[in-house]
Amino acid sequence: MTLPVGNDAGQAAFAAALGGAKLHHAWLIAGPEGVGKASFARAAAARLLARGGGAGDLPPGLAVPEDHPTAKLIAAGSHPDFRVLSRLPKDADKPDQDLARSISIAQVRTLQPMFATAPAMGPARVVLIDAIDDLERGGANALLKNLEEPPAGTVFLLVSHAPGRLLPTIRSRCRLLRFERLSDADVARVLRMQLPEADEGEIAALVAVADGAPGRALRFAGLNIAGLDSAIARIAETGDPGNAERVKLAKALAGKAAQARYEAFLDRVPAFIAERARGRSGPGLKVALDAYAAAQDLAGAARGLSLDAQGTVFEMAGIVATLR
């Protein structure tokens, strides 16, 4: 399985621990969203399971060849000693649509029958939770019991975007692996691998919005983010006195077909305002800070309350216009 780009120190720390006499039973893989934590956790799980599977030699480090039996079983979702807990679809018949708000206590409880038996294919089993931030309170308390008295041979890999929000008792039982934002060069490298047909102009635009997180940039792929940013910039520079730019943008981002670009717009406007604020001082800075707060509030309300997209875009663009 392929290891993620970047965060070499964190990856090396786990590799060193894996080569030691006794591996800690719980790892908290923490850092910004979209920097490769979950990809690393899957690769680390594959290596841990493959080294005890007794099937073929393994290369140095953490990599596991794609044709290794362990990698094949994990890819097929059928490895008996590997379990992943994540948010489930609200509708099982529509797995590619809305997800539940949390990982439930019922999901955590499904682990118990597995813990009552020995690992099936080797000395170890792995439970990956992506992300542990999504565990509902009851689920967190249920998991804590397993962390306090870990089942034999079990290693927990807990992905977290906001470790400060976790129960202190969970954090205290984990060894921390901290992942950081990637350099622009590393982000571009990831994007070229994931988007081989993208031209350099699109890669550059996606790097600009990534903020060091390739996963964030990939959400915007194919959405002409450069064009969206240009429209936002024009409104900020001119103030759009006749509302023509606002009306045009609002119409372009309304409707079901434009939903993805609308979501991107809700992300990009606060980020754009924050970038503009960095170059200001005095009254101009106050205007930008007020605009940023207003844009954040509106974006949150638009998502939480399902506000009308066309009206939201028009109002959001009006906030941008105050930056002139």
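Two strands pair if DSSP finds at least two bridges between them. With that in mind, welcome to these close-up views of a predicted model.

**View 1. Five strands line up in an open sheet.** The strands run in the order β2-β3-β4-β1-β5, and their pairing is parallel. Which strands sit at the edges? They are β2 (82-85) and β5 (175-178), each of which pairs on one side only. On average, neighbouring strands are turned by 20° against each other, direction ignored. In general, strands of a sheet pair through backbone hydrogen bonds, either parallel or antiparallel.

**View 2. Strands β1 and β4 pair side by side in the sheet.** Five bridges join β1 (residues 26-30) to β4 (residues 154-160) in the parallel sense. Look for Ala-30, which stands opposite Ser-160 in β4.

**View 3. Helix α1 meets helix α2.** The axes of α1 (residues 8-18) and α2 (residues 37-51) come within 12 Å and cross at roughly 15°. Angles under 35 degrees count as roughly parallel, and α1 and α2 are therefore roughly parallel to each other. Their crossing is right-handed. On the α1 side, the contact is made by Gln-11, Phe-14 and Leu-18, while α2 brings Phe-40, Ala-44, Arg-47, Leu-48 and Arg-51. Five of these contact residues are nonpolar, one is polar and two are charged.

**View 4. A cis peptide bond joins Asp-130 and Ala-131.** Omega for this bond is about 5°. Where is Ala-131? Find it in the loop between β3 and α6 (137-148). For background, most peptide bonds are trans.

**View 5. Asn-7 has a positive phi.** Its value is about 50°, although Asn-7 is not a glycine. This residue lies in the segment before α1. Is Asn-7 buried or exposed? Its relative accessible area is 15%, and buried means under 20%, so Asn-7 is buried.

**View 6. Asp-211 also shows a positive phi, in a residue other than glycine.** Here phi is near 55°. Asp-211 sits in the loop between α9 (200-210) and α10 (214-219). At 49% relative accessibility, Asp-211 counts as partly exposed.

Key
Residues are numbered from 1 along each chain as its sequence is written. This is a predicted model: local features need pLDDT of at least 70, side-chain atom pairs count only at pLDDT 80 or more; totals for chains, interfaces and linings use all residues. Side-chain values use heavy atoms; hydrogens and water are left out. Axes are lines fitted to C-alpha atoms, for helices over the stretch in contact, and angles run from 0 to 180 degrees between N-to-C directions. Helices (H or I, at least four residues) and strands (E, at least two) are DSSP runs, numbered from the N terminus. Angles under 35 degrees count as roughly parallel, over 145 as roughly antiparallel, 65 to 115 as roughly perpendicular and the rest as oblique. A crossing is left-handed if the near helix is turned anticlockwise from the far one by less than a right angle, and right-handed if clockwise. Contact means heavy atoms within 4.5 Å. Ala, Val, Leu, Ile, Met, Phe, Trp, Tyr, Cys and Pro count as nonpolar, Asp, Glu, Lys and Arg as charged, and the others, Gly among them, as polar. Buried means under 20% relative accessible area, exposed over 50%, partly exposed in between (1.4 Å probe, protein chains only).
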